[in-house]
Amino acid sequence: MNSPGSLEGLEPKVDEHLSTQILEPSVHSDNPQERIQARRLRIAARLEARRREALGEYLDGKKESEEDQSKSYKQKEESRLKLAKLLLCGTELVTNIQVAIDIREIHRRVEEEDVKRQRIEKLENEVKTSQDKFDEITSKWQEGKQKRIPQDLWEMLNTQQLHCAGLLEDKNKLISELQQELKTKDDQYVKDLKKQSDDICLLLERMEEQVKNVMKTFREELYHIEKAFEVERQELLASNRKKWERALQAHNAKELEYLNNRIKKVEDYEKQLNKQRIWDCEEYNMIKIKLEQDVQILEQQLQQRKAVYLLNQEKLEYNLQVLKKRDEESTVIKSQQKRKINRLHDTLNNLRSKYAKQIKQFQEENQSLTLEYKRLVMQFKELQKAMRHFALIDDEKFREIWLMNEEEAKDLIARGFDVDRIIHTHHLGLPWTAPDFWFLKNVGPISQQPQKSATQIVEEMLLRTEEEEAEEAASESESYLDLPKQISEKTTKRILMLLCDESGFLIESKLLSLLLPLEQSECQLLRLDAIFSALGIESEDDLYKLVNFFLQYRAHHLSSSLQSKPCSQASVEELSVEGTSMESELELAERTEMEGEKEESLVEEEKEEEEETPPSPWVIHPNDVLKILEAFVMGLKKPRDSRAPLRARKSVRSDSKDSEYWQALSTVIPPSRLNLWDALYTALEKYHLVLTQRAKLLLENNSLEQQNTELQALLQQYLTSKINSELQVPPTRVLRIPTK
Amino acid sequence: MQDTVTTSALLDPSHSSVSTQDKSSTGGHTSSTGPQPSKPSSITPVPAKSRNPNSGANFHRMRRIIAEDPEWSLAIVPLLTELCIQHIIKNFQRNPILKQLLPEHQQKVLNHLSPDLPLTVTANLIDDENYWLRCCMQRWPVCHVAEHGGSWKRMFFERHLENLLKHFIPGTTDPAVILDLLPLCRNYVRRVHVDQFLPPVRLPAQPQAGDQSDSGSEGEMEEPAVDHYQLGDLVAGLSHLEELDLAYGVKDCGMNFEWNLFLFTYRDCHSLAATIKACHTLKIFKLTQSKVDDEKARIIIRSLLDHPVLEELDLSHNLIGDRGARGAAKLLNHSRLRVLNLANNQVRGPGAQSLAHALAHNTNLVSLNLRLNCIEDEGGQALAHALQTNKCLTTLHLGGNELSEPTATLLSQVLAINTTLTSINLSCNHIGLDGGKQLLEGMSDNKTLLEFDLRLSDVAQESEYLIGQALYANREAARQRALNPSHFMSTITASGPENSVG
């Protein structure tokens with residue numbers, strides 16, 4: 001009963017909804033108030049329906065239509081139950097047969113089993129008994145074999161036969177029994193078959209009956225349900241029709257009312273229309289007149305406009321013609337310009353190509369020229385090399401020639417001197433002193449002494465100082481220093497030692513390790529060498545500059561109050577340069593011990609100066625060394641640059657002194673002496689003449705003497721010869737010449 | 001028109017005879033209608049090509065003619081398409097043209113095709129149900145298309161195949177008869193239902209059988225070569241086979257009855273086992289009334305172990321004993337079997353116990369039928385115990401099993417607990433009055449059972465009636481439950497119980 005209830009719950013709701021829609025405000029109404037109301041009603045209805053649904057049975061007491069509706073559902077439910085019952089019963093009825101057969105089959109099986117068991121027992125019993133009998137018979141066969149008497153044997157055979165017959169009979173009986181059983185079984189089977197066919201028939205019958213029944217009841221039920229629905233539908237139709245009619249009547253009444261209203265309104269409107277039409281007509285006429293006037297005015301204006309237009313047209317046409325012509329002209333010009341542009345483009349292109357070509361050409365030229373240039377540079381270098389080579393050779397040659405000439409000249413001079421000396425000593429009886437000229441000592445071409453490198457100087461200096469140390473004071477006064485223009489050697493050495501000790505950082509560590517095993521002096525030397533190379537001191541000058549710098553620095557530092565050192569850097573340098581230029585001469589002088597007074601005095605001066613400035617290097621604090629070095633390096637940079645041209649010039653030797661030299665050589669013998677010689681010569685010639693005369697005379701004398709002796713000898717011979725003896729008168733006797 | 005004719009002739013060179021005929025005829029005729037009647041065999045392009053111009057011309061002609069001559073009728077001259085279709089129908093066997101036609105023409109052709117056309121032509125070409133309906137109706141007076149999935153074509157092929165298999169005599173009939181059909185029907189046959197397998201013909205055996213009916217069994221022992229048709233090749237070829245329903249036996253043998261007509265040999269058994277093992281689409285396998293004993297049942301069941309899709313196994317009306325039942329129990333937990341039917345076999349207590357053991361934790365089996373066995377209380381109690389833990393079985397048939405009160409006692413406990421069982425059949429047992437009362441008690445706590453058959457089981461009328469009342473209440477409740485969630489389910493569930501009872 002639950003399901004119809006729930007369904008009923010749905011149905012009335014719909015119905016109610018329908019009814020409310022007709023009577024009550026609709027949701028689709030134009031009036032918003034009405035719509036709101038409608039919605040509210042709808043919500044209320046829904047809530048109501050839900051509530052009712054929850055209550056369930058409350059539904060029964062409702063409207064007529066609702067009851068009608070439930071009627072059909074009741075009918076449906078009833079018929080459903082009825083049909084379900086029918087089907088259940090029917091199937092039970094049908095399956096009953098199957099169940100019955102099943103149980104019969106089970107009974108049969110049970111019985112069959114019993115019977116089977118009994119039969120098997122029986123058969124087993126039978127087998128046992130017959131086996132016994134058979135054993136008996138077989139045992140008797142043995143007995144029979146022992147029998148000798150035919151009667152006995154016959155008897156026994158008879159009995160055996162009887163036994164066998166009995167056994168066979170038993171077996172046959174059993175067989176017949178079994179066959180009987182089989183027959184009954186066959187009968188049973190036939191019966192069963194019949195029964196089964198009967199059952200099947202029954203089954204079929206029942207099934208058919210069932211089908212018929214079911215169909216019938218279904219039809220009936222269907223008919224019932226249909227009828228219920230029909231009734232319901234009829235009722236519904238009637239009620240709806242009533243509603244419809246009512247609504248139609250209302251509608252008709254309203255329609256009539258509307259029609260009346262409309263007729264009235266139409267009449268009203270007609271009147272109004274007529275009025276309006278008359279008024280409109282009047283207005284229309286007025287407007288028409290006015291508009292016609294307007295038209296006239298406008299036509300006039302139109303004419304005017306047309307005239308203007310024509311004029312304008314003419315003008316414009318003329319303009320057009322002009323413009324066309326201009327256009328043509330412009331096109332012509334344009335084309336000309338274009339052509340020109342083309343031409344210019346052509347030329348431009350040509351120029352470009354030319355330009356490119358030229359660029360190429362020039363590049364090529366450039367390349368060739370650079371090549372040429374390189375070649376020339378090479379050539380030039382080679383030439384330079386050659387030149388240098390030739391210069392060297394030339395130098396060499398020059399030197400050789402010089403030497404040769406010089407030798408020759410010196411020979412000549414020597415001979416001259418010799419002659420002079422001989423003349424003086426022998427002929428004049430005057431003491432002869434050999435003239436002493438600087439150029440006489442010169443050997444080789446006159447040139448500046450090559451500057452020694454700083455290290456060489458240092459080396460020399462060190463060696464010398466060592467020697468000095470050995471000799472100590474003796475040589476000190478002499479101090480044949482080559483360097484010590486104004487600085488004592490010791491000072492220099494000390495400064496250098498200081499330098500050597502302090503600026504070890506300038507030496508490479510590798511070198512230091514190499515130096516370890518060496519002697520102290522050597523070690524120092526190498527160290528200094530490294531330091532100088534690091535400082536950029538190359539030449540002697542630099543070294544002196546360094547030493548000077550040290551001294552100056554100290555002086556500057558110590559005695560700003562002390563009397564200002566007159567020697568500015570320039571003066572010092574001047575001095576040093578002077579010194580260097582003189583060096584070679586000094587050396588020469590020292591070696592020859594024949595010092596010109598001038599030079600000597602110079603040296604002395606220098607020495608004095610040196611003594612004047614003996615600031616002890618010990619005053620220089622070792623810590624200052626670095627500062628001094630820094631300042632020196634800074635200062636050294638500048639003069640460095642100016643030395644390049646100096647060097648270049650070095651190679652060009654000056655021949656200014658050559659002529660002087662040679663001149664000096666040629667005039668080594670003064671003219672006074674020559675005069676003397678000339679006078680001497682004449683005198684000597686005279687003397688010579690005398691002497692020659694004398695000699696001639698002497699010779700004459702001699703020859704005469706000789707003639708005399710010869711004649712004496714001849715005489716002697718004659719005297720001594722044998723002939724004399726033979727001779728009667730010996731000559732000897734004649735001549736008494738003291739022979740001896 | 002001349003153009004269309006020549007093109008048609010060119011386009012269809014396969015029919016040389018017809019096309020030459022065409023050419024000769026076109027030589028003579030220059031009029032538009034002339035070549036049409038003789039042409040329709042060269043069809044392919046004609047209907048498709050000439051259709052539009054034709055209709056257009058007709059349209060114009062119709063209008064003109066109606067204006068000029070109202071008595072002129074188109075019926076005098078049949079349409080070209082009509083003629084073509086006629087010709088196609090006439091020559092369908094030699095030149096089947098269907099797919100190239102327009103749908104409405106296809107329909108026309110199908111409606112007029114003869115059902116006697118050879119299957120080689122129609123099988124894979126025609127899908128139209130109407131045609132196959134006609135074929136079926138012509139061949140068989142009674143057609144139950146619902147049994148074949150509602151498809152007439154499927155029905156035709158299944159029944160055709162069944163017919164062939166039924167009348168196949170090994171050694172005499174050419175196996176090619178069936179194998180030739182295979183490529184034609186392989187896509188349509190889903191179910192093979194054969195209720196008779198003919199044995200090979202043995203001419204000398206008949207007199208022997210007639211002379212000594214007793215020694216018939218001995219003769220069979222001597223000559224066991226009475227194998228039936230081997231289904232292996234056929235089943236392997238049917239790619240959509242889902243159901244195999246076999247009964248090794250002979251129908252309508254009448255007075256020619258011999259025991260060996262109903263012999264399911266070991267070779268049959270082995271080949272069948274191999275066949276079903278190889279068939280991975282098989283869902284339902286039925287082998288009934290075939291004298292399957294324990295050994296054969298075990299062979300078949302062994303081949304079904306771990307089958308991927310098998311859902312239903314029916315071995316009813318055989319001679320399966322406890323060992324076979326044990327095999328089936330093993331199968332339960334090694335497959336996805338949902339329905340197991342061992343009705344009318346010789347399963348006894350131990351077999352039922354093993355089945356119960358397998359059932360205790362099974363989650364697939366929905367229906368178990370042990371009707372007409374002899375499991376007795378021993379097996380019944382075991383099954384009842386198993387049902388206390390089982391949560392899947394819905395249908396249990398234990399009719400005719402010599403069950404008595406102890407089983408009923410246990411079952412009543414099960415009824416109070418179990419919520420999945422919907423149908424139990426205990427008819428033809430010796431439940432007794434007390435057992436009936438206990439079952440009634442159990443039923444009072446049950447809300448799911450819809451059917452409970454206790455006929456002829458010595459239960460008191462009163463308790464049976466009360467149980468019926470409880471079942472009715474349960475049914476109503478089930479119907480209500482089905483109705484409430486959704487309305488459209490109502491009809492199904494409402495009619496459900498009645499149908500299943502029937």
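Me: What do the side chains of E295(B) and R323(B) do?
Reply: The side chains of E295(B) and R323(B) meet in a salt bridge, with N and O 2.9 Å apart. A salt bridge here is a side-chain nitrogen of Lys or Arg within 4 Å of a carboxyl oxygen of Asp or Glu.

Me: And where do the two sit in the chain?
Reply: E295(B) belongs to helix α14 (residues 294-304) of chain B and R323(B) to helix α15 (residues 322-332), so the pair links distant parts of the chain, 28 residues apart. Helices (H or I, at least four residues) and strands (E, at least two) are DSSP runs, numbered from the N terminus.

Me: Where do these numbers come from?
Reply: This is a predicted model, where local features need pLDDT of at least 70 and side-chain atom pairs count only at pLDDT 80 or more, while totals for chains, interfaces and linings use all residues. Residues are numbered from 1 along each chain as its sequence is written, chains are lettered from A and ligands numbered from 1 in the order in which they are written, and side-chain values use heavy atoms, leaving out hydrogens and water.

Me: Thanks! How many salt bridges are there over all chains?
Reply: The count comes to 32.

Me: Which residue does D195(B) pair with?
Reply: D195(B) forms a salt bridge with K166(B), and their closest N and O atoms are 3.4 Å apart. D195(B) lies in the loop between β1 (191-194) and α10 (205-211) of chain B, whereas K166(B) is in helix α8 (residues 152-166), 29 residues apart.

Me: Is D195(B) buried or exposed?
Reply: D195(B) is buried, and K166(B) is too. Buried means under 20% relative accessible area, exposed over 50%, and partly exposed in between (1.4 Å probe, protein chains only).

Me: What about R267(B), which residue is its partner?
Reply: R267(B) forms a salt bridge with D227(B), at 2.8 Å between the closest N and O atoms. R267(B) is exposed, with a relative accessible area of 56%, but D227(B) counts as buried at 11%.

Me: New topic: where is W662(A)?
Reply: W662(A) is found in helix α16 (residues 656-666) of chain A. W662(A) counts as partly exposed because its relative accessibility is 26%.

Me: And what is W662(A) in contact with?
Reply: Leaving aside neighbours within four places in sequence, W662(A) is in contact with W402(A), N405(A), E406(A) and A409(A). Contact means heavy atoms within 4.5 Å. The C-alpha atoms of W662(A) and E406(A) are separated by 8.7 Å, though these residues are 256 residues apart along the chain.
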